[in-house]
Amino acid sequence: MLLCPNKRVALAVLLNEIDCNDVEHTRGMKTITIPALTGTTCQSVTIRCIKFVLPGDLDSGSCAICNTKKFKVRLLANYIDFNFKCCNLDI
């Protein structure tokens, strides 16, 4: 992720499991705040170690005997701090 200085970021991590029939099943979501960076230029950052706990009873139907699991992760992010003013009004 490329982040600009002095702005916090809201990050959502969406986790879906792909079953043996290639059907997606929602498994979890986490939201975290990435603290504002210091400095004068935008910086690339790596976010690590976002953990999910997934119980074994989430296996679906005929796929319950599958030993391997396949997941799809989606990330959504937006700045929390901004200086946008609509029509020069404070909102």
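The following legends describe close-up views of a predicted model. Local features require pLDDT of at least 70 and side-chain atom pairs pLDDT 80 or more, while totals for chains, interfaces and linings use all residues. Residues are numbered from 1 along each chain as its sequence is written, and side-chain values use heavy atoms, without hydrogens and water.

**View A. The salt bridge between E17 and R27.** The side chains of E17 and R27 form a salt bridge of 2.9 Å, N to O (a side-chain nitrogen of Lys or Arg within 4 Å of a carboxyl oxygen of Asp or Glu). E17 belongs to strand β2 and R27 to strand β3, so the pair ties together parts 10 residues apart in sequence. Strands are DSSP runs of E with at least two residues, numbered from the N terminus. E17 is buried at 9% relative accessibility, and R27 is likewise buried at 16% (buried, under 20% relative accessible area; exposed, over 50%; partly exposed, in between; 1.4 Å probe, protein chains only).

**View B. The salt bridge between E17 and K69.** The closest N and O atoms of E17 and K69 are 3.3 Å apart. K69 lies in the loop between β4 (43-44) and β5 (70-79), so its pairing with E17 in β2 ties together parts 52 residues apart in sequence. K69 is partly exposed at 42%.

**View C. The salt bridge between D22 and K70.** In this pair the closest N and O atoms are 3.7 Å apart. D22, in the loop between β2 and β3, and K70, in strand β5, are 48 residues apart. D22 is exposed at 58% relative accessibility, whereas K70 is partly exposed at 49%.

Technical notes
Helices (H or I, at least four residues) and strands (E, at least two) are DSSP runs, numbered from the N terminus.
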